[in-house]
Amino acid sequence: MYRLLDCVVRAAAPKDSFKRWVLPAQKFLSPTRPCLSAVPVGYRSQSSETTPSSMGTSSRTVDSADKSFNALGAGLLSFASASVFQNESKSQRDRKQSSSPLTDSFGRFHSYLRISLTERCNLRCTYCMPAEGVQLSPKDHLLTSAEVVRLASLFVAEGVRKIRLTGGEPTVRKDLTEIVGQLKATNPLLESVGITTNGLMLTRQLVGLQRAGLDAINVSLDTLRASRYEQITRRKGWDRVMAGIDLAIQLGYRPKVNCVLMKGFNDDEICDFVELTRDRDVDVRFIEYMPFTGNRWDTEKMVSYRAMLDTIRARYPAFEPLPNGPNDTSKAYRVPGYRGQMGFITSMTEHFCGSCNRLRITADGNLKVCLFGNTEVSLRDALRSPGCSEDDLRCLISAAVKRKKKQHAGMLNLSQMANRPMILIGG
């Protein structure tokens, strides 16, 4: 087992284009093996509620007030009994999560997994990929569809309830629809399967993806102007993306539209994106510009969340916040009366590390516990090693998750850290 882990961790070493350190396998394995879990996290006991029987009376005539009192007492006892069982179920769930391989040393339980299916993309966005492109992994280094499904099933058994398929661009992978179908068919506990796409292929593929069980769609779109789209992506296709968004709405989705704002480049379109939500049921989310290898990140290019809010409220004074879930990365807002809503992903100025429940698997099979972390471990090599069991994989995953840091570095430090280009991580 130690030799297997040593081999796996060494194989996770990065390409020469960027440096990442990986810990020795011995430090990744706990001799007590606390990561093994036989019961899926989130399992709720099916204890039946106990309802007190009706009180008898020796008198043939019972006062109506007594009947009302008895009924009220029975109801209160039933409510109390149900509350006890609900609390017991929650307590059991919390205990399972605390011992899960997906819980880190700060008590964060990770129920959301993002899987990159490919490093390839049919666009060349300036903030995502270096102008000269990136060195792609050989095809046999990438996870096969069977490996994707097997890893996903393992994570679902341990408590993952949401999976998002990313890239590169996931729609360039020919077996995308089959992967979605297999994920849904083999994992009844899985609550949501989504994709993050540039939208170019949605009009061709979305109907088939919906039939396969696709639950959610994120579309990356940084401008509402066709000419600027070509400038940002170095490709044509804005009309097709908009048609894909409209098709998604017609099919019953509420697509999320992700927009990376850059000062002096597309920040003059902030209110145009707000207007997109007037008649379309979309969730437009502005993302603070983040540093990755090769994207020439600069603090001067970043538009902060607070600056975005000021711009919007100058035109829409009634712009109001909406409730957010405990693990939401986007701060939700809306203009009253508009069909859609807005959101702000504030990774740079107001991080949300304390509630992070996300893990990532790269297209070449590395587990990445933090988007901005540069430590990875190869699940692919473990999968392909003879004799590797699911328990071995759980221990490897647990060791990586337990080493997740409390929060990522500040934005100035992040800009100096070596990390993969975004396209090799998965959006």
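The legends below describe several close-up views of one predicted model.

Local features are described at pLDDT of at least 70 and side-chain atom pairs at pLDDT 80 or more, whereas totals for chains, interfaces and linings use all residues of this predicted model. Residues are numbered from 1 along each chain as its sequence is written, and side-chain values use heavy atoms, with hydrogens and water left out.

View 1. Twelve strands form an open sheet with mixed pairing, in the order S7-S8-S9-S6-S5-S4-S3-S2-S1-S10-S11-S12. S7 and S12 are the edge strands, each of which pairs on one side only. Strands (E, at least two residues) and helices (H or I, at least four residues) are DSSP runs numbered from the N terminus, and two strands are taken to pair if DSSP finds at least two bridges between them.

**View 2. Strands S7, S8 and S9 at one end of the strand order.** Strand S7 (residues 320–321) pairs with strand S8 (residues 330–334) in the antiparallel sense over two bridges, and Pro321 has Tyr333 of S8 as its bridge partner. S8 also pairs with strand S9 (residues 341–345), again in the antiparallel sense, over four bridges. Here Lys331 stands opposite Phe344 of S9, while Ser330 has Ile345 of S9 as its bridge partner. The two strands S8 and S9 form a hairpin with six residues between them, and Gly337 in the turn has a positive phi of about 95 degrees.

**View 3. Aromatic rings around Tyr333.** The whole structure holds seven aromatic pairs, a pair being two rings of Phe, Tyr or Trp (its six-membered ring) whose centres lie within 6.5 Å, counted as stacked if the planes are under 30 degrees apart, edge-to-face if over 60 and tilted for the rest. The rings of Phe319 and Tyr333 are stacked, because their centres are 5.2 Å apart and their planes lie at 10 degrees. Phe319 is in the loop between helix H10 (305–315) and S7, and Tyr333 is in strand S8, so this pair ties together parts that are 14 residues apart in sequence. The rings of Tyr333 and Phe344 have centres 5.4 Å apart and planes at 85 degrees, and therefore count as edge-to-face. Since Tyr333 lies in strand S8 and Phe344 in strand S9, this second pair ties together parts that are eleven residues apart in sequence. Phe319 and Tyr333 are both buried, as are both Tyr333 and Phe344; buried means under 20% relative accessible area, exposed over 50% and partly exposed in between, with a 1.4 Å probe and protein chains only. Phe273, Phe286, Tyr305, Phe319, Tyr333 and Phe344 form one aromatic cluster.

**View 4. Glu376 and its side-chain contacts.** Glu376 lies in the loop between strand S11 (366–368) and strand S12 (377–378), and this residue is buried because its relative accessible area is 1%. Its side chain makes a polar contact of 2.8 Å with that of Asn366 and another of 3.4 Å with that of Lys368. A polar contact is a pair of N or O atoms within 3.5 Å; within protein, one must be able to donate a hydrogen and the other to accept it, and residues adjacent in sequence count only if both atoms are side-chain atoms.

View 5. Most residues other than glycine have a negative phi, and most peptide bonds are trans. The peptide bond from Gly167 to Gly168, however, is cis, with omega near 25 degrees, and Gly168 is placed in the loop between strand S2 (162–166) and helix H5 (176–186). Arg234, although not a glycine, has a positive phi of about 60 degrees; this residue is in the loop between helix H7 (226–233) and helix H8 (238–250) and counts as partly exposed because its relative accessibility is 32%. Asn198 lies in the loop between strand S3 (192–197) and helix H6 (202–212) and counts as buried because its relative accessibility is 5%. The C-alpha atoms of Asn198 and Val257 are separated by 9.6 Å, although these residues are 59 residues apart along the chain.
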